[in-house]
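Let's take a walk through this one together. Have the sequence and the 3D view open side by side, and follow along as we go.

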Amino acid sequence: ERKIKMLDWKWIKENKEATEEALQKRGMDSEILEELFSEDEKRRTVQREVDILRQKRNEISRLVASLKREGQDPQDALREGEKIAEEIKEKEEKLREIEEQWKEKLLFIPNIPHSTVPVGKDENDNQEVKRWGEPRDFSFTPRPHWEIGEGLDILDFERGAKIASSRFTVLKGEGAFLERALINFMLDLHTQKHHYREIFPPFLVNTKSLIGTGQLPKFYEDLYHCQDDLHLIPTAEVPVTNLHSEEVLREEQLPLYYVAYSACFRREAGSYGKDVRGLIRQHQFNKVELVKFALPENSYEELESLLRDAEEVLQILNLPYRVVALCTGDLGFSASKTYDIEVWIPSQNRYREISSCSNFEDFQARRANIRFRNKEGKMRYVHTLNGSGLAVGRTLVAILENYQEEDGTVTIPEALRPYLRGLKSITPQFEAR
């Protein structure tokens, strides 16, 4: 079993070649690593200079005391001491600046991929793990969800853009009802069957929380920033993972399972021209998130069970999907290993991501300082995991497209009908309400 301690500078120094190899597998060069080592050498050089000056200051302090005891004039020694004190102050300020730059660079080093992660450059090198369900054989050409939603008068893209901007959508009538039903259905499944504890977190978090889970400083441009050191959350992963930041848990408390609904906010800064129509890539969307805190020796078993919990949502809704293991070049910044669940979208004739289930090992726990005390009394970092269970808007998309009929009607999956007061289908509307 690997014992990689990301953000542990001692480990990086002792395993420089392994770190360089991991960066290369992720498609990164080792320039940032060389900068880190250079900054570290500067840091240690200045620290040695400070230590020498402090030693000299101590020697002068002893000399002043000795001169006073002997009745001699200590003024020359006092002046020398003042001069050294000023030098120490300047060196310490320089040391602080170097350490800040060094820590900033260290925060840009991604997690080490697990040994089972396939090596590859991009999403084309991801490996399919399994498929579930058979895509429906339509007797007509399936329409995209935005046409279906507008025909049913449940999705209003124009008014969303009018009151906010592009990539915001208004859900109306049965559309809003279905979105709410999906949220409640997912929360009930995960709390009642899978035994996650529900959390309703703030939708705003501070900078420290975003550093803890790895969104900052690297992904600053993807976030919406507010006043008072607050930022809109890109996912409930951030507030829920940080529930235990700066805490020491007991071994017997682990594993901890949490589930949270939240609205999510993303600027999608690097997605210009991608999925400009419909609900696939929105600036605001709803998601039900699963978060785990696990013992290091069990975290990969927990990843597999997390994946099964997320998959079950699609199985109950009878939506075809596949699971892929992300390759090193497509792996998220903080993750050691990730499975993507991709649901079948008929109008695109392809599978699209609806959940990412990841093990971060102790990467986030080190940044957020989340530890546990084992039975022997030793302090260790927990392993954190999370996954969407599921992205609600994309689940809505999958239902509209997979359950559409030729006349524009959409059948409601049976499992959702109790959440919709028995509603069995949504029929086309010809007048806006």
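Start with R43: its charged end sits over the ring of W102, 3.9 Å from the ring centre.

Residues are numbered from 1 along each chain as its sequence is written, and side-chain values use heavy atoms, with hydrogens and water left out.

How confident is the predictor? The mean pLDDT of the chain is 94, and 97% of its residues reach 70 or more; pLDDT is the predictor's confidence in each residue, from 0 to 100. Where pLDDT is low, though, the predicted coordinates should not be read in detail.

Now to the strands. Helices (H or I, at least four residues) and strands (E, at least two) are DSSP runs, numbered from the N terminus, and two strands pair if DSSP finds at least two bridges between them. In general, strands of a sheet pair through backbone hydrogen bonds, either parallel or antiparallel.

Find β9, residues 284–294. Ten of its eleven residues are buried, with buried meaning under 20% relative accessible area, exposed over 50%, and partly exposed in between (1.4 Å probe, protein chains only). β9 pairs with β8 (residues 256–265) in the antiparallel sense over ten bridges, and with β15 (residues 383–391), also antiparallel, over seven bridges.

Next, look for an open sheet of three strands, in the order β7-β13-β14 with mixed pairing. Its edge strands are β7 (247–250) and β14 (379–381), each pairing on one side only. From one strand to the next, the twist averages 40°; axes for this are lines fitted to C-alpha atoms, for helices over the stretch in contact, and angles run from 0 to 180 degrees between N-to-C directions. β13 (residues 370–373) and β14 pair in the antiparallel sense over three bridges, and F372 stands opposite R380 of β14.

Back to the rings. The whole structure holds 13 aromatic pairs. Rings of Phe, Tyr and Trp (its six-membered ring) pair if their centres lie within 6.5 Å; planes under 30 degrees apart count as stacked, over 60 as edge-to-face and the rest as tilted. F138 and F140 make an edge-to-face pair, 5.4 Å centre to centre with 80° between the planes. F138 counts as buried at 15% relative accessibility, and F140 is buried with a relative accessible area of 11%.

Another edge-to-face pair is F219 with F333, at 5.9 Å centre to centre and 85° between the planes. What does this pair tie together? F219 lies in the loop between α8 (207–213) and β6 (230–232), and F333 in the loop between β10 (321–325) and β11 (337–345), so the pair links parts that are 114 residues apart in sequence. F219 is partly exposed at 29% relative accessibility, whereas F333 is buried at 8%.

Finally, the backbone. Most residues other than glycine have a negative phi, and most peptide bonds are trans. The loop between α8 and β6 contains P217, and a cis peptide bond joins L216 to P217, with omega about 5°. That loop also holds D229, a non-glycine residue with a positive phi of about 60°; D229 is partly exposed, with a relative accessible area of 44%. A cis bond also joins L254 and P255, omega again about 5°, and P255 lies in the loop between β7 and β8. R167, not a glycine either, has a positive phi of about 70°. You'll find R167 in the loop between α6 (157–163) and β3 (170–171), buried with a relative accessible area of 14%.

Conventions: Lys NZ or Arg CZ within 6 Å of the ring centre and 35° of its normal.
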